Amino acid sequence: MLVAVIDVSEADFESEVVERSTELPVVVDFWAEWCGPCRQLGPLLERAASEREGRVLLAKLDTDTNPNLAAAFQIRGIPAVKAFSDRRLVDEFVGAKDRDAVERFFDELLPSQADELVASGEEEDLRRALELEPSRADAAVPLARMLIARGEGEDALAVLEPVSGSFQADGLASRVRLEGDGELADALAALDRGELERALDELLVALPTAEGTREDIRRVIVGELDALGPEHPLARDARSRLAAALY
């Protein structure tokens, strides 16, 4: 049976809370024996952790015996509850809460159904995630890539249409609109084969003199650079060339 509740101290807080939070959310209950509201809240926290069957860990820390940690987290009143994920403090509250509030607090720490579907990466799961949340870029972008690879550009556009604020989604939509442009055929073919350096080079060469397709070419380039990330050497070089081509 998975452990849902543990006691922690200054000696093991780093390993049992901070480092463990890279594996699952960890909720810390700062409490003390003399605290009446702590005795009311504690069982609700323990029940919520236990009901989630190992998906959330509750760590109980006695502030009387661990004053340095209480000071480090600026605990002014107890009970104080702090949630950690990926080594970061992500949520907190002070004072006793009722059961519904505690349940909501725990639920918000867990991935939603759509989150779990996106994480699988399977086409049907991505489609289901978009049924639940149509504007999710992290579902629409990989699904659109699958559709474009199969030559289903119109379906890809339909998937991307509800998404806003995503460079990658905008770039893929532009990539579909550029289909059939003979001057860009080699660049798009290289892009589809995963030859990104060659594709970017050809798109950047075509950009300054493009008529009517300039904005779509720019969006394709920006989308691919966003997918690479800011520190990728290819992205750094292409970004400077893009700026030169545009300005």
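In the predicted model, strand S4 (residues 80-85) and strand S5 (residues 88-94) pair in the antiparallel sense over six bridges, where strands (E, at least two residues) and helices (H or I, at least four residues) are DSSP runs numbered from the N terminus and two strands count as paired if DSSP finds at least two bridges between them. Lys82 has Glu92 of S5 as its bridge partner. The two strands, S4 and S5, form a hairpin with two residues between them. Residues are numbered from 1 along each chain as its sequence is written. Because this is a predicted model, local features need pLDDT of at least 70 and side-chain atom pairs count only at pLDDT 80 or more, while totals for chains, interfaces and linings use all residues, and side-chain values use heavy atoms, with hydrogens and water left out.

Backbone geometry in the loops on either side of S4 was examined next. Most residues other than glycine have a negative phi, and most peptide bonds are trans. Asp86, found in the loop between S4 and S5, has a positive phi of about 50 degrees although it is not a glycine; at 46% relative accessibility, Asp86 counts as partly exposed, a class that lies between buried (under 20% relative accessible area) and exposed (over 50%), as calculated with a 1.4 Å probe on protein chains only. Gln74, which lies in the loop between H3 and S4, is likewise not a glycine and has a positive phi of about 55 degrees, and Gln74 is exposed, with a relative accessible area of 54%. The loop between helix H3 (67-72) and S4 also holds Pro79, which is joined to Ile78 by a cis peptide bond with omega of about 0 degrees.

The largest pocket contains about 170 Å³ of space, a pocket being an open set of points on a 1 Å grid over the protein atoms alone, where a 1.4 Å probe fits and protein lies on both sides within 12 Å along at least five of seven lines. Grid points are joined across faces, edges and corners, and the volume is the space filled by probe spheres set on the points. The lining, defined by residues with an atom within 4 Å of a point, consists of Arg145, Ile148, Ala149, Leu172, Arg175, Leu191, Asp192 and Glu224. Helix H7 (137-149), helix H9 (167-177) and helix H10 (185-192) each supply at least two residues of this lining, and H7 gives the most, with three residues. By class, the lining residues divide into four nonpolar, no polar and four charged, where Ala, Val, Leu, Ile, Met, Phe, Trp, Tyr, Cys and Pro count as nonpolar, Asp, Glu, Lys and Arg as charged, and the others, Gly among them, as polar.
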